[in-house]
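Q: Please guide me through the reading of strand pairing and helix packing in a protein model.

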Amino acid sequence: MKSNYSYQIQRHNILYIAILLSLSVGCSDSDNSNREKNKPERVVDVPHFNADSAYFFVNEQVDFGPRVPNTDAHKEAGDKIISRLESYGAEVNVQSFEATTYDGVTLRLRNIMGSYNTSAKKRILLAAHWDTRPWASKDATNPQALFDGANDGGSGVGVLLEIARNLQASSLPDVGVDLLFFDGEDWGEEGTGVAESWCLGSQYWAKNKDGYSAYYGILFDMVGGKNAQFPFEQISKQMAKKVLTNVWRTASEIGYGRYFIAQSEGAITDDHFYVNTIAKIPMIDILHWEPELGYFGDWHHSQRDNMDLIDKNTLKAVGQTVLHVVYHEEL
Ligand SMILES: [Zn+2]
């Protein structure tokens, strides 16, 4: 993904701020809080997100080797995601397609979706990318090297698969849940390159989603790192503020407020940008940030993105929070 604002995105943001301001006129906060107060408390049995299991799934992906598109490791890791989803009772749909990278390579890619409670009209979309970047482009010693992508790629897959395991092991939530694994996120042009060189899988999916829609979406990107915190990312805040508020409030209520911090940071062009702007599904991004270093930390796109970086406590904070959100969603 790309970390700088482009002129186009800034213009979008201004437009969305204007829309949000105009929408907020008809519905005051006091109306909402009165309605909340009158609602009876609902008792919901939320499954326990198992951090050891999520860690195992991250490691399983890493053990295939770097999941660089057009390699055997990429194919095998994708096949494993499909077989795990099937074994956990999901209805699996695979979207196979080709995309051309900014440097002229044709990639054979697969977006993979595992669906639960398929008859429910109200659906929550949970997503992550499963490919890894073909070079450690920010590595201080060898920017051409391959790297494990334990956090950038692996961690989101681990959280989604552990959610899949829970959805089978427990009674389902009232809403439908779709777990979407985007391919081709990380073959983009670092630095001053165009934003659209990243996120090829989500761009393709958003344009070819065959009538699919969801109530809202949550994207996981680098959600297993040591020292991780998750701030209000700007695109999430401007395009899916209600979702952001709900997830962050839930995290705070169940004891993970030190991970989900009430602090606004800049915009990141990640898969959620295309889900918001093209698919028109409001989606937030839960994305690594840390004090002093900001987004991504100092290990990003380097050989240091390996299992040493993965902290089960971070996986637990993210996975448990999102399970809580999903299971409290009413039809
Ligand atoms: Zn990346």
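Q: Why is strand β2 (residues 106-116) largely enclosed by the rest of the structure?
A: The model is predicted, with local features needing pLDDT of at least 70 and side-chain atom pairs pLDDT 80 or more, while totals for chains, interfaces and linings use all residues. Residues are numbered from 1 along each chain as its sequence is written, and side-chain values use heavy atoms, leaving out hydrogens and water. Buried means under 20% relative accessible area with a 1.4 Å probe, protein chains only. In β2, 9 of the 11 residues are buried, so the strand is largely enclosed.

Q: Which strands pair with β2?
A: Strands are DSSP runs of E, at least two residues, and helices runs of H or I, at least four, numbered from the N terminus; two strands pair if DSSP finds at least two bridges between them. Strand β1 (residues 91-100) is antiparallel to β2 over 10 bridges, with Q95 opposite N111. Strand β4 (residues 176-182) also runs antiparallel to β2, through 5 bridges, and V177 is the bridge partner of Y116.

Q: Which residue takes a positive phi in the hairpin of β1 and β2?
A: G104 does, near 85°; the hairpin has 5 residues between the strands.

Q: How does one read the packing of helix α3 (residues 51-63) and helix α4 (residues 72-87)?
A: Axes are lines fitted to C-alpha atoms over the stretch in contact, with angles from 0 to 180 degrees between N-to-C directions. Here the axes come within 9 Å and cross at roughly 145°. Contact means heavy atoms within 4.5 Å: F56, F57, E60 and Q61 in α3 meet A77, K80, I81 and R84 in α4.

Notes: Buried means under 20% relative accessible area, exposed over 50%, partly exposed in between (1.4 Å probe, protein chains only).
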